[in-house]
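Trainee: Could we take a close look at just one part of this model?

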Amino acid sequence: MLPKKPTQKVVLFVLSLLFFALPVEAQTGLPVVNMIDDGSGGTKYSLTLQLLALMSVLTLLPSLLLMMTSFVRIIIVFSLLRQALGTAQTPPNQVLVGLALFLSLFIMAPVLSSVYDDAITPYLEEKITFESALVAAEAPIRTFMLNQTRETDIAMFLEISNNTEVKEPADVPFLTLVPAFMTSELKSAFSIGFLIYIPFVVIDLVVASVLMSMGMMMLSPMMISMPFKLMLFVLVDGWTLIMGSLTSSFALS
């Protein structure tokens, strides 16, 4: 079940990432040792090296947002909706990206909460190592991606990589799962966009036929049909339908 409102755990998750994004120079008293002895003959990373690693990961966050969350499907559907309405740059790109971002945070809230509870909190409390935290953070993200990915797409990339050792979904390599997930998201987005286009194409055809029958062939059908498409979209409460359908299209169980 999706939460009815953003959880505090998601906010704490974002704040913890912002904390680790602070420059090393701004944090005083940090050890400048790359690796230290853990007392049992092994070694572990010092705090400075961990911060550098986290800062490097933060530079990849835009790509991670695109590759492993619901953002791609949502932004493509919004873009196709704008083209179907024929409103050019309305809503503007900034508005569509903002809507897609916050709707993605809403959809991904259970996943981010699991990452925060199972990986970030134990790591900050020094109960697990950095490597263990990465493994714990991967599990809910992998589950989310597997739920959205078609088996045919996974099989295609496994065949390309000549990987015949995979017997169950849990064994799919992460580097194989990511492109398969992206391919499935593109298919889902364009399928939803096709269904959105149908009623607006019907309106365009009706308006074009009426104008041609009246001999107004020099008048642009798009200019006449756009008010009718906007009226239809408002009357059916289109934004609520689109966002509700997008949210329910993600399998989270």
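Trainee: Leaving aside its neighbours within four places in sequence, which residues is Ile74 in contact with?

Mentor: Quick background: this is a predicted model, so local features need pLDDT of at least 70 and side-chain atom pairs count only at pLDDT 80 or more, while totals for chains, interfaces and linings use all residues. Residues are numbered from 1 along each chain as its sequence is written, and side-chain values use heavy atoms, with hydrogens and water left out.

Now, Ile74 is in contact (heavy atoms within 4.5 Å) with Ala100, Leu103, Ser104, Ile107, Leu246 and Phe250, once you skip those neighbours. Ile74 also belongs to the largest nonpolar core, where Ile74, Phe78 and Ile242 touch the most other members out of 35 residues. A nonpolar core is a set of buried Ala, Val, Leu, Ile, Met, Phe, Trp, Tyr and Cys residues joined through side-chain atoms within 4.5 Å; buried means under 20% relative accessible area, with a 1.4 Å probe and protein chains only.

Who builds this core? At least two residues each come from α4 (71-85), α5 (93-124), α6 (130-148), α7 (151-160), α8 (174-213) and α10 (238-248). These helices are DSSP runs (H or I, at least four residues), numbered from the N terminus. α4 gives the largest share, 11 residues. There's a second, separate core too, with 7 residues, including Phe130 and Ala133.

Finally, α4 packs against α8 at about 25°, axes 9 Å apart. That makes the two helices roughly parallel, since angles under 35 degrees count that way. The axes are lines fitted to C-alpha atoms over the stretch in contact, and angles run from 0 to 180 degrees between N-to-C directions.

Technical notes:
Buried means under 20% relative accessible area, exposed over 50%, partly exposed in between (1.4 Å probe, protein chains only). Angles under 35 degrees count as roughly parallel, over 145 as roughly antiparallel, 65 to 115 as roughly perpendicular and the rest as oblique.
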